[in-house]
Amino acid sequence: MASLDKTSVRSQVEKVRKDFEQLRSDGKVSPEVQAIMSSMLMIVELILAIFLERTTKKNSANSSIPPSQTDKDNSSLTDPGSKGKGKKADGETVKNRRTIETLTIVPVDYCDKCGANLRQVGCTHERRTKIDIIFEKVVEHVEVEIKQCPSCERVIKGKFPVDMPGPLQYGLGVQAFIINLLACQMVALKRAQALVYSIIDVVIAEATMLQFILRLHAALENWEVRATEKLLLEAVMHVDETSLRVDKTNYWIHIAFGGWHHPEKNCTESGGIKAMEENDIIPRYMGKLIHDCWASYFSYSNCGHGLCGSHLLRELTFVVETNRYRWARRMKRLLQATYKRVSDCEKKCLDDREYARLLKCYRKILELGTLEMPAIPDKPAGKRGRIAKSDAHNLLERLQKHEASVLLFARDPLVPFTNNRGERDLRMSKVKQKVSGCFRSEIYAHAYCRITSYLQTMAYKGVNPMIAIQMALAGELGGE
């Protein structure tokens with residue numbers, strides 16, 4: 001089957017339209033035929049727009065499919081950029097690590113050419129280094145004495161250390177290592193079990209490893225409450241959501257991120273407004289909310305709204321590729337130029353005159369789009385449902401309806417152009433699902449969200465994840 005070329009098809013339709021207009025201006029078309037042909041051309045334009053969108057493949061460059069790499073966002077004062085990794089690691093190491101370092105001097109006593117004695121000759125040094133790993137298992141046995149009192153015949157037993165409540169337990173080093181494998185490195189349970197066995201020659205049951213996860217989950221409960229309260233005080237908050245499989249059921253992970261220290265993840269079985277009410281973050285937030293124009297976010301008027309520019313640019317690219325609309329190409333250039341202007345200026349926003357000029361140009365492009373796009377036919381009487389619209393129509397209406405949210409980054413210096421920060425921190429949950437599968441039960445999904453929120457926060461502060469895990473397990477977070 002021969003493929004259709006977008007340009008040639010559009011040019012043919014435009015040629016038919018011009019020929020018809022010429023015949024009508026010459027008076028060679030009856031009023032009845034004019035009405036029928038006008039309706040037919042309108043329907044052909046609408047069908048063509050939808051058809052070309054359906055036959056154009058969507059990817060990360062022209063749609064809302066998350067890209068693996070995005071340009072650095074320097075458009076706000078509060079967000080150091082979508083590529084930022086937080087503070088550099090402070091170099092602190094875990095307490096249960098041992099480094100054995102040796103230095104060996106290889107002397108030169110004689111000349112290998114003439115045999116002269118070189119022991120008293122001064123020298124310089126050249127060093128070569130080899131680093132290797134030797135896994136060391138530390139097994140600590142504690143035996144308490146049991147005695148019977150000769151006077152009262154009572155059996156007295158010594159007391160074990162508080163961190164040894166049972167016959168066998170694993171230290172913080174083993175627990176932190178396993179949690180790091182499961183939560184940070186996204187290793188599946190069975191593979192983590194095999195790796196630990198190869199190191200310490202002990203098979204740790206999968207149930208025991210999951211108990212380590214639940215123990216850290218419980219230890220971070222108070223931290224999560226404090227982090228949420230700090231998050232609500234941020235001037236700008238990024239939000240996003242994605243699906244997650246839990247015991248063969250589709251759940252949703254919602255992330256809220258503010259500044260650089262408070263990523264908050266929550267897992268719910270429901271989505272939309274119900275999930276937001278359960279999480280109870282957005283309903284209490286009073287700052288600026290940056291998102292991808294999901295309708296549920298606009299249900300809350302207690303906060304301001306800013307739309308992700310990266311999503312809009314990709315959707316505009318798709319409209320340009322499919323239908324070659326001039327308005328989409330101009331809008332894309334306008335947003336890109338404004339983003340560059342905001343990023344380059346020190347204030348990270350436009351002044352009143354520049355913003356007024358931007359607003360005028362923005363509205364003019366949308367007016368052009370209204371005239372350029374094929375009209376939507378009226379809904380037939382008695383028919384239920386919505387009239388089919390192309391992606392281009394939906395995007396144009398969204399840009400018209402949410403004008404202030406689209407251009408908020410140019411008005412408010414604290415608001416970034418993109419929502420890439422939130423998307424970046426949410427993306428690893430999809431990697432987790434692909435690498436090690438879904439969660440067995442809901443409690444482990446909640447534990448994963450809380451633990452990764454904590455570890456991401458500590459990573460932005462430059463804390464090694466192994467240290468962060470041991471701090472939480474040992475109850476050393478305090479007022480963190």
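Glu 315 forms a salt bridge with Arg 398, with 3.0 Å between the closest N and O atoms; a salt bridge is a side-chain nitrogen of Lys or Arg within 4 Å of a carboxyl oxygen of Asp or Glu. This pair links distant parts of the chain, 83 residues apart: Glu 315 is in helix H8 (residues 309-323) and Arg 398 in helix H11 (residues 391-401). Helices (H or I, at least four residues) and strands (E, at least two) are DSSP runs, numbered from the N terminus. Glu 315 is buried, at 17% relative accessibility, whereas Arg 398 is partly exposed, at 21%. Buried means under 20% relative accessible area, exposed over 50%, and partly exposed in between (1.4 Å probe, protein chains only).

The model is predicted: local features need pLDDT of at least 70, side-chain atom pairs count only at pLDDT 80 or more, and totals for chains, interfaces and linings use all residues. Residues are numbered from 1 along each chain as its sequence is written, and side-chain values use heavy atoms, leaving out hydrogens and water.

The whole structure contains 14 salt bridges. Among them, Glu 229 pairs with Arg 284, the closest N and O atoms being 3.4 Å apart. Glu 229 lies in helix H6 (residues 221-231) and Arg 284 in the loop between helix H7 (272-279) and strand S6 (288-291), so the pair ties together parts 55 residues apart in sequence. Arg 284 also forms a salt bridge with Asp 280.

In helix H3 (residues 172-184), Phe 177, Ile 178, Leu 181 and Leu 182 meet Leu 189, Ala 192, Leu 195, Val 196 and Ile 199 of helix H4 (residues 189-200), where contact means heavy atoms within 4.5 Å.

Notes:
Axes are lines fitted to C-alpha atoms, for helices over the stretch in contact, and angles run from 0 to 180 degrees between N-to-C directions.
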